[in-house]
Amino acid sequence: MATCSGMAIGFTLLTPAYAQEAQAQDEPVTITVTAQKREQSLQDVPIVVTTLSAKLLQDAGVRDIKDMQVLTPGLTVTSTQNETLTTARIRGVGTVGDNPGMESSVGVVIDGVYRPRNGVGFGDLGEIGRIEVLKGPQGTLFGKNTSAGVINIITQEPKFVFMADGELSVSNYDGKGVSASVTGPLAEDLVAGRLYVAKRERGGYYDVNTGVGPRTLKEDATQDFYTIRGQLLFTPGAHKIRVIADYTKRDEYCCATVQTRTGPTGAIINTLTANNGVAATADPEKRLAYANRDTTQQITDGGISVEANLKLDWLDSTLTSVTGVRKWKNTNGQDIDYSGADILYRRDNGDFRAQFDTFSQELRLAGGDDKLNWLVGAFFTDEDLHRTDSYVYGTQYETYLSILLAQALGQSTSLPMVSLLTGRAVGTSYTPGEGARDLYTQQSRSLALFTNNSYKFTDAFEVTLGLRYTQEKKEMTAAYSNSDSGIGCASAIARSGVLGGTPVGLWAGIPAASRPTVVGNMCTFWGNAAFNNRTVANSVEEKEWSGTLKGAYRFNDNVMTYASFARGYKGGGYNLDRAQTGITPDTNLYFKPETVDSYEVGLKTSLFSNKLLFNITAFDQAYEDFQLNTFLGTAFVVESIPELKSKGVDADIYWTTPIRGLSVQGGVAYADTKYGTFTAADLSNPARFPQLSLLPGAQMSFAPKWTSTLAVTWAGNVASNLRLSGNLSAKYSSEYNTGSDLIPYKMQDSFTLVNGRIGIGATNQKWMLEFWAQNLTDETYKQVVINAPLQGTGFPNTTTVQTGGSNPGTYYNAATDTNTYDAFMGQPRTYGVTLRVKY
């Protein structure tokens, strides 16, 4: 869900004294980036970088990494069950965030500190200096697991001039908030400080039908959090030391879904709920969700970082140390069936939570002269992950399952089918309040040594060589339990004869070929007795080389071309979830490392006395063992897809127009991101192929072929004491599929998002009143479409390979698709007014 960045119910104070956006209109565009761990002009860096300045971020209403996609072509950011499950994708490539055991293909780095997952890096960014989106593998210099790219966020430093800012905002959906910031010297020329605080609240933009209860809140996707960030900047002599401490706490409700297609099970659910279970006719535009259980979302995130840049006499070098200690924790509740019926849920009592405790240390020694720029370094991270997961039977679970089984077996739906199959008293096979509760731990230690060196053979020709050696060890444990010992499943197995013996009772009348399917429905992974008291402990150690080679040739001061090769690497790991094949728990939870080879050819130009920057790059990326997390109808699994290829073009412009006060920034990205061809034999578990059979040769999910952005900003004085400003930012995305299994019902049509802002204030900007809107045209779009759990199937077990239709050669047939599909929707139109003051 979007955090309502644009609602400005959050309150950032951005000082107007930032480098690249405060330039006079008759000056050239100057953009500084740190994509190679040193300050350089954007036009000198042989990397695709989209740079977003503080002013542009403020004008476009950007508060978090999801908001910034409106300014970044080729970037897609989505979230699902809650906002901690956020996934960023660049050029269509990213890692689905529903499983905390999977690390991100797109790295998030905030003030030099690597965040272990995209969701951990999701939150209020406060006073942003700039954001750099580096596209393609960046595994040489940036932390770890950046095989698709990096979102590099730099917040504003303390200043040695006293400044104070304040912001007050109100918006629709009862949005309101306030923030304040103060910075200045604490010891003249030696110590400066900065303090930022913010509080945001907003009602939900879903209406909720609470069905049979016990939920009482009739809205969802609310916002309620506060942030505090304090900094100290020490500048003894030529040295520079920056200390940052921050803490954020969120207490919200997120995330319900709306139906986009209601399958045959919808009628059953509505019978159980007096027509308050699901939408009889799906209409996502109404934003009416059905949830009888709470969707609480409680997140705390805090840490301390210390960055020291020490000037050394030795080789006129600089020693940089970046130390980060962070703790992140979330506790959630969830209505797992996404309906008003009381079928399956998660309590918000700590049984569904995750916690990351991380320590990271980076050391870099760098120097250079007119010919050579060199850098050597080391990076260490220690990450402890604790996850608790649960599935709780609702009061209607057994009744609902009985009706489903009765229909499948051609029996009367009034029969207590579960009881007849298990031989137990009605209501005791899946007792309400009982269920699964699992505990996972994973410790990951990673050590890397790296170097990145650029040498100018001539004034025009420069070569960059980077190399990184990574050694990583992961240790995991999993302890599974069922509070009822999985009695319903165990009884069904014992009476069915599926694992030997003679069928008992009703089972004797069920054809032998159909019995495993019936058992499978009674032994879903959350109720499978085979998991009860099961423990798993594994460890793995991996070693890998990655690196880059770039050549850049500058024809003149205004034109540079470059070609590059980069090898990226993302470590393997473990599926921290229940996974089973049939009714047998998977013994191997390990998934292999992901690697990528990327080739780029680019052109960077500065035109019209550097007032127009135009950059374009063609890329060709090939991934091996791409880590895919997907729901196969019975369990979440992680499968390594043998090959994924992404080819295309990135183009960006930055233009200071001849019209005083008017600037334009935008870009276009084309990415043809497709899976390679593969068969069941190419997978770690061939039994998973039917549900993945739409993937071979197909465009990847969340990978629109075309995206484009445009941001137009104008500001100027219209009277001796009056200033006006305005911004219009838009992003277009062509159609793409939002499901990792690529079922056609999960398609999102092409759409365009538009944000707008108009301000009026004092010429010295002591005050400014802004009127703004996010998603100005109220575009309805889907973030992610999912299979509603226990509500049909897209790949029936009886379906064989399709020989005709729209998907020949697959196991999917739209005519036999009985799924109800739900969607996590994008944010609707939000609008409000913001008052900014500064001293």
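Strands (E, at least two residues) and helices (H or I, at least four) are DSSP runs, numbered from the N terminus. Tyr226 lies in one such run, strand E15.

The model is predicted: local features need pLDDT of at least 70, side-chain atom pairs count only at pLDDT 80 or more, and totals for chains, interfaces and linings use all residues. Residues are numbered from 1 along each chain as its sequence is written, and side-chain values use heavy atoms, without hydrogens and water.

**Strand pairing**

Two strands pair if DSSP finds at least two bridges between them. E20 takes part in two pairings, as tabulated.

| Pair | Sense | Bridges |
|---|---|---|
| E19 (residues 296-311) and E20 (residues 318-332) | antiparallel | 15 bridges |
| E20 and E23 (residues 353-368) | antiparallel | 14 bridges |

Arg326 of E20 stands opposite Gly303. In E23, Arg326 has Thr358 as its bridge partner. Six residues separate E19 from E20 in a hairpin. Leu315, in that turn, has a positive phi of about 55°.

**Tyr226**

Tyr226 has 36% relative accessibility, so it counts as partly exposed (buried is under 20%, exposed over 50%, partly exposed in between; 1.4 Å probe, protein chains only).

**Cavities**

A cavity is a set of points on a 1 Å grid, over the protein atoms alone, where a 1.4 Å probe fits but cannot get out. The whole structure holds 19 cavities of 30 Å³ or more.

Technical notes: 1 Å grid on protein atoms, 1.4 Å probe; cavity = no way out; pocket = protein on both sides within 12 Å on 5 of 7 lines; lining within 4 Å. Points joined across faces, edges and corners; volume = space filled by probe spheres on them.
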